Amino acid sequence: MIISEHCSLLGHNTFGIAARARCLVEYDSAEELQAFIRQRNEQMDHTPLLHIGGGSNLLFTKDFEGTILHSRIKGIELLSDADRKVEVRVGAAVVWDDFVDYAVRHGWYGLENLSLIPGEVGASAVQNIGAYGAEAKDVISLVETIDLQTGTPRQFTNYECLYAYRHSIFKTRLRGRYAVTHVRFCLSRDFEPNLEYGGLRLALSKNGIEPNQLDAALLRATIIGIREGKLPDPKVLGNAGSFFTNPIVLRNEYNRIAREFPEVPHYEVDALHVKVPAGWLIEQCGWKGKALGRAGVYEKQALVLVNLGGATGEEIAQLCRTIQTSVRERFQIDIQPEVNFI
Ligand code: EPU
């Protein structure tokens with residue numbers, strides 16, 4: 001276990017915000033985390049506790065006057081391999097894309113479309129990360145956690161996680177209550193490409209890849225190419241990926257927009273609802289490539305807010321609020337941040 005007092009969080013958030021924490025505890029096993037909670041309870045320590053992953057979905061708007069927990073639990077363990085299915089148990093601190101790479105190399109399929117998503121495996125189960133027609137919930141079988149109040153282990157089945165678009169029980173009713181230590185995934189030995197996302201089919205044909213030539217490594221490389229073309233590298237330009245979720249609106253609201261903009265991109269949700277890309281709404285409001293101080297809107301994808309260098313979390317938050325107001329005034333639609341404000 002590594003305990004650091006009064007430390008900088010610069011290396012712990014991809015926005016590159018120079019906030020500080022009173023204490024950072026990085027533990028190496030579920031048992032170490034349990035020992036930490038036991039001690040905290042014995043000392044009747046009621047200071048705030050925050051569990052983080054790779055920091056790729058966080059915005060620190062001020063210093064954190066409490067303890068930040070971070071897992072260092074690594075390891076990818078094959079639990080079963082039968083009937084063309086594998087079940088794998090992965091430590092929460094494994095870098096998500098290292099896991100995708102490992103799986104593709106081992107012939108375990110189902111993660112290819114989620115290539116290059118920043119962050120760690122533990123957070124994938126909290127956020128239900130998703131991209132290019134796939135979501136983590138499609139492959140998660142079980143989430144192993146520790147109760148941060150009592151230190152008791154608890155497992156959640158996929159069903160119990162109440163997964164939905166960018167949502168899980170860990171973001172709503174049980175927010176901040178459980179730390180994910182391991183995630184189990186059910187993957188396939190048979191490669192069945194998910195080509196639902198139009199941009200993916202386009203990229204494959206642009207690269208001259210015929211459907212019969214496609215394998216998992218090629219699909220992964222294509223996804224990486226698409227992401228690199230659209231999304232900024234946090235090592236170069238601080239960001240947290242999509243800053244907002246795509247709003248799910250009532251069909252009559254969508255119809256109202258479509259009357260004015262017949263080409264508005266959208267995804268069908270159900271008979272009553274339609275999802276409209278927040279990036280499109282923000283671009284229509286004229287924000288793409290614009291900035292407020294040191295906080296900017298990425299020039300290639302308006303859904304991504306960027307730290308143009310030395311921005312504070314509050315500056316990014318100010319840009320977020322200004323964009324929300326613009327979108328509300330222009331389209332009467334509320335867009336909500338996907339990023340967690342701390
Ligand atoms: N669009 C614009 N202007 C923009 C951005 C997008 O007009 O500035 C339009 C695009 O032309 C397209 C549509 O909006 O017609 C959708 O854009 P895109 O395919 O880039 O995806 P998105 O809806 O903006 C979502 C995810 C991304 C994921 C992509 C691909 C959310 C919040 N974001 O973005 O996830 O990579 O789809 O599946 O659902 C992330 O979570 O960090 C992330 C990057």
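Colleague: Which residues does glutamine 213 touch, not counting residues up to four places away in sequence?

Modeller: Glutamine 213 touches Gly208 and Leu218, where contact means heavy atoms within 4.5 Å. Before going on, please note that this is a predicted model, in which local features need pLDDT of at least 70 and side-chain atom pairs count only at pLDDT 80 or more, while totals for chains, interfaces and linings use all residues. Residues are numbered from 1 along each chain as its sequence is written, and side-chain values use heavy atoms, with hydrogens and water left out.

Colleague: Where is glutamine 213 found?

Modeller: Glutamine 213 is found in the loop between H4 and H5; helices here are DSSP runs of H or I with at least four residues, strands are runs of E with at least two, and both are numbered from the N terminus. Glutamine 213 is partly exposed, with a relative accessible area of 46%, on a scale where buried means under 20%, exposed over 50% and partly exposed in between, using a 1.4 Å probe and protein chains only.

Colleague: And at what angle do H4 and H5 pack?

Modeller: Helix H4 (residues 198-206) and helix H5 (residues 216-230) pack at about 110 degrees, and their axes are 10 Å apart. The axes are lines fitted to C-alpha atoms, for helices over the stretch in contact, and angles run from 0 to 180 degrees between N-to-C directions. H4 and H5 are therefore roughly perpendicular to each other, given that 65 to 115 degrees counts as roughly perpendicular, under 35 as roughly parallel, over 145 as roughly antiparallel and the rest as oblique.

Colleague: Which residues make that contact?

Modeller: From H4 the contact uses Gly199, Leu200, Ala203 and Leu204, and from H5 it uses Leu219, Thr222, Ile223 and Ile226. By class, the contact of H4 with H5 has 6 nonpolar, 2 polar and no charged residues, with Ala, Val, Leu, Ile, Met, Phe, Trp, Tyr, Cys and Pro counted as nonpolar, Asp, Glu, Lys and Arg as charged, and the others, Gly among them, as polar.

Colleague: Changing topic, how many disulfides does the structure hold?

Modeller: The structure holds 0 disulfides, a disulfide being a pair of cysteine sulfur atoms within 2.5 Å. The sulfur of cysteine 285 has its closest cysteine sulfur in cysteine 320, 13 Å away, which is too far for a bond.

Colleague: Are those two cysteines buried or exposed?

Modeller: Cysteine 285 is partly exposed, with a relative accessible area of 22%, whereas cysteine 320 is buried, at 2%.

Colleague: What about the backbone, say phi of methionine 44?

Modeller: Phi of methionine 44 is near 50 degrees, a positive value in a residue other than glycine. Most residues other than glycine have a negative phi. Methionine 44 sits in the loop between helix H1 (30-42) and strand S3 (49-52), and it is exposed, with a relative accessible area of 61%. Leucine 162 also has a positive phi, near 50 degrees, and is found in the loop between strand S11 (153-157) and strand S12 (178-188).

Colleague: Last one, which domains does the assignment give?

Modeller: The assignment, which is an automatic or database one, gives domain 1 (2-71), domain 2 (76-188) and domain 3 (238-341). The C-alpha centres of domain 2 and domain 3 lie 27 Å apart, and 5 residues of domain 2 are in contact with 6 residues of domain 3.
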